[in-house]
Amino acid sequence: MPVTEGHRIIEIGCVEVIERRLTGRHYHVYIQPDREVDEGAIAVHGITDAFLRDKPRFREVADEFFEFIKGAELVIHNAPFDVGFIENEFALLGQSERADISQYCTVLDTLVMARERHPGQRNTLDALCTRYHVDNSRRELHGALLDAEILADVFLHMTGGQSSLLLSGDGDGNGLGAGAIRRLAAGRVPAPVLAPTTAELEAHRAFLQDLTKASGRELDW
């Protein structure tokens with residue numbers, strides 16, 4: 001559905017991630033596009049003309065949306081599609097200074113990233129959810145905010161696996177609390193130190209080589 005054929009944005013959904021954590025801050029709005037929604041599109045997202053009839057137009061939300069994304073790195077799956085629509089909406093308002101996202105945001109395309117890491121494989125958002133064991137059971141239809149939440153989870157898995165360090169304790173010095181240190185008993189029996197065999201070292205080197213190849217980058221161990 002190319003933007004050049006007059007298609008418009010009808011929903012925007014963004015979630016904020018800072019230091020690999022979802023902050024809980026998000027931006028979500030439905031938009032009246034001043035045109036009929038194609039039947040094929042309704043089958044994908046379920047958003048009808050009747051539902052959009054009383055929703056704001058883009059010009060009414062343009063400022064708050066711009067302020068939300070200004071200065072951010074936008075992580076988008078198939079970024080040219082979304083960016084083209086965003087820039088078109090600002091251009092239609094005559095806001096030339098906002099009609100070039102590269103002037104106030106950086107963009108990371110997770111589809112490009114996925115294709116580089118998994119060449120020859122399906123790299124749709126659903127396929128990535130399966131590959132990285134991300135729960136997308138709520139995704140019966142495409143919804144902007146839900147898709148953003150799922151993509152955030154996928155992105156964190158793609159770029160580091162564990163999305164956060166869970167350092168919180170129970171407040172009584174148990175666990176790995178950020179302010180709690182569990183001391184080992186002075187009279188404990190030291191654990192034996194076992195040196196790896198030659199075969200184990202070779203197996204480990206082979207595993208690291210496979211991991212480097214799969215990650216698509218040179219790893220420093």
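Hi everyone, let's start with I12: leaving aside residues up to four places away in sequence, I12 touches Y27, H28, V29, I31, F58, F65 and A144, where a contact means heavy atoms within 4.5 Å. A quick word on the source: this is a predicted model, where local features need pLDDT of at least 70, side-chain atom pairs count only at pLDDT 80 or more, and totals for chains, interfaces and linings use all residues. Residues are numbered from 1 along each chain as its sequence is written, and side-chain values use heavy atoms, with hydrogens and water left out.

Buried is under 20% relative accessible area, exposed is over 50%, and partly exposed is in between, with a 1.4 Å probe and protein chains only.

Now to F68, which sits in helix α3; helices are DSSP runs of H or I, at least four residues, and strands are runs of E, at least two, numbered from the N terminus. F68 counts as buried because its relative accessibility is 15%. Beyond four places in sequence, F68 touches C14, E16, R25, H26 and Y27. The C-alpha atoms of F68 and Y27 are 7.3 Å apart, though 41 residues separate them along the chain.
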